[in-house]
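Trainee: Could you show me how to read a structure like this one, step by step?

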Amino acid sequence: MKVATSRLGQSDLEITRVGIGTAPIGSTPDWRIYWGPQDENEAIRTIQTALDLGINWIDTAPFYGWGRAEQIVGKAVQGKRDDIYIFTKCGTLRNEQGIEMEDLSPANIRREVETSLRNLQTDYIDLYQFHDPDPNTPIEESWAAMQTLIQEGKVRYGGLSNHTIELMQRAMTVAPITSNQHQYNLLNRDIERDVLPFSLQHDIGVLCWSPLASGFLADGFDLESLDPHDFRRGRPYAQDPTYSRLKELRHVLQSIAQDHHKTMAELAIAWVLRQPAVTAAINGIRSPQEALAMPGALNWQLTDQELQTIEEALSTWNQAGQ
């Protein structure tokens, strides 16, 4: 299958406009972002199903299940490594007390890249990203360490994740940024104000995480059927009256999607990809069935009338929440 691609920033990476997200399949009960039980063999089949469809990149991180996601990816890509791109991250870890912290010191970046290379069973990473800002290390020092890894051939390109415009500007005084990764979906549009225009202006690729709002914009989402310890039960979207209002918004989105024999999830991704600044969306998948649905949004151009209907529904959603 030929899947639509787009160049990532100023790199030579031609990536499919949806990529494989691995936070859900890397989930473990001792990780605070628990998605419920996940069989490892099923996870491997899920990734391989998406790759067989023509999806050509995987986004992961040592943070996802504290290494489990990377290890699953390493097993899933055996025999396919030269045909795909692997993106991972560094900087978020646990201290001896089990408390999460950010460490983008050059020494820790070096430690983490070696661990990720072992987990992924590869000798290079296509895109290495700083997961979250580190308030204790100047970004200039961290970004210089990234350039060293690139020069050594362990990393092909460097990117940022969840970093502000100011931090991006400071990093750019050291070396260009290939991409930045941010949350972007129908329910969270903060990056439209600054990150998207800045990225477009400077030819920085944008990878959107959580385009389905952690599943709240997926068709089969049922709050009551989630595992009792699933992190989404504690999300603001899951609390009434917000959850009741979300059901009303979902109904509008489903109506538009059904008119095209599409799913609400496909609409949510098509809506994200309509933005000129957005290179691709990261789609967290947990089953081969979800993998098979990944390309469904790629050839869907929402009409002006449909976009207006969506905007009106979102306006109602936002006003009711104030």
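Predicted model: local features only at pLDDT ≥ 70, side-chain atom pairs only at ≥ 80, totals over all residues.

Trainee: How enclosed is strand β8?

Mentor: Buried means under 20% relative accessible area, exposed over 50%, and partly exposed in between (1.4 Å probe, protein chains only). Strands (E, at least two residues) and helices (H or I, at least four) are DSSP runs, numbered from the N terminus. In β8 (residues 125-130), six of the six residues are buried, so the strand is largely enclosed by the rest of the structure.

Trainee: Which strands pair with β8?

Mentor: Two strands pair if DSSP finds at least two bridges between them. Strand β5 (residues 85-90) pairs with β8 in the parallel sense over four bridges, and Phe87 stands opposite Leu127 of β8. Strand β9 (residues 155-161) also runs parallel to β8, joined by five bridges; there, Tyr128 has Gly158 as its bridge partner.

Trainee: Where is Leu298, and what does Leu298 touch?

Mentor: Leu298 lies in the loop between α9 (288-292) and α10 (304-320). Leu298 counts as buried because its relative accessibility is 17%. Contact means heavy atoms within 4.5 Å. Leaving aside neighbours within four places in sequence, Leu298 is in contact with Val3, Ala4, Arg17, Val18 and Leu273.

Note on methods. Residues numbered from 1 in each chain as written. Heavy atoms only, no water.
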